[in-house]
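Have the sequence and the 3D view open as you read.

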Amino acid sequence: MNPFVLGAVVVLGLAVAVLAVVLVVRDVAVRHSDLLFGLIALLELALLVQLVTGSVALAGTERDVEGVTFVAYLFTNLLALPIGAFWALADKTRVGGAVVLVTVLTVLALQLRLVSIWAGA
């Protein structure tokens, strides 16, 4: 697994989380934040790159990695963020920011699990 892509996902995820908290505290609907959706798009792009590089790394490794579980986590990461973003867009209150926050925290938790699966744990 590529540590640079992992770092990009974590940094972008934390940036989205901080911005979501700011929106919730300021009681602003997420549909008014172009910056939030720009960061979400960058994070989604990083997750797509992670899916490709992780799959290639899995195919070329001699490690004892549970391949199906690893790829399932990669796909779950890729799908969770758009679902949360669309759900947040549908909400007209500050709850949308909380949905984005929970979604991005889920993505970050899945990243921790990906690292442990890659390590063979």
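Predicted model: local features only at pLDDT ≥ 70, side-chain atom pairs only at ≥ 80, totals over all residues.

How far apart do the axes of α2 and α4 come, and at what angle do they cross? The axes of α2 and α4 come within 13 Å and cross at roughly 20 degrees. Axes here are lines fitted to C-alpha atoms, for helices over the stretch in contact, with angles running from 0 to 180 degrees between N-to-C directions. Helices themselves are DSSP runs (H or I, at least four residues), numbered from the N terminus.

Residues are numbered from 1 along each chain as its sequence is written, and side-chain values use heavy atoms, with hydrogens and water left out.

**Helix pairs**

Two packed helices are described by the angle between their axes and the distance between the axes. Here is that description for two of the pairs:

| Pair | Angle | Axis distance |
|---|---|---|
| α1 (residues 3–26) and α4 | about 160 degrees | 8 Å |
| α2 (residues 34–59) and α3 | about 170 degrees | 10 Å |

That makes α2 roughly antiparallel to α3, the label for angles over 145 degrees, with under 35 being roughly parallel. α2 passes α3 in a left-handed crossing, meaning that the near helix is turned anticlockwise from the far one by less than a right angle. On the α2 side the contact (heavy atoms within 4.5 Å) includes F37, I40, L43 and E44, and on the α3 side G67, F70, V71 and L74 are among the residues involved. By class, the α2 contact with α3 has 16 nonpolar, 5 polar and 1 charged residues. In that scheme Ala, Val, Leu, Ile, Met, Phe, Trp, Tyr, Cys and Pro are nonpolar, Asp, Glu, Lys and Arg are charged, and the others, Gly among them, are polar.

α1 and α4 are likewise roughly antiparallel to each other, and α1 passes α4 in a left-handed crossing. Among the residues that meet are L6, V9, V10 and G13 in α1, and G97, A98, V100 and L101 in α4. The residues of this α1–α4 contact divide into 15 nonpolar, 3 polar and no charged.

Back to the opening pair: α2 and α4 are roughly parallel to each other, and their crossing is left-handed. L36, I40, L43, L47, Q50, A57 and L58 of α2 make this contact with V100, V104, V107, Q111, L114 and W118 of α4.

**Helix α4, end to end**

After α4 comes G120, with a positive phi near 90 degrees.

**Single residues**

There is 1 aromatic pair by the ring rule. F70 and W118 form it, tilted, at 5.3 Å centre to centre with 40 degrees between the planes. The rule asks for ring centres of Phe, Tyr and Trp (its six-membered ring) within 6.5 Å; planes under 30 degrees apart are stacked, over 60 edge-to-face and the rest tilted. F70 sits in α3 (residues 67–90) and W118 in α4, 48 residues apart.

L6 in α1 touches M1, Q50, Q111 and V115, leaving aside residues up to four places away in sequence. D27, in the loop between α1 and α2, has a positive phi near 60 degrees without being a glycine.

Definitions and conventions:
Helix = DSSP H or I, 4+ residues; strand = E, 2+ residues; numbered from the N terminus. Parallel < 35°, antiparallel > 145°, perpendicular 65-115°, else oblique.
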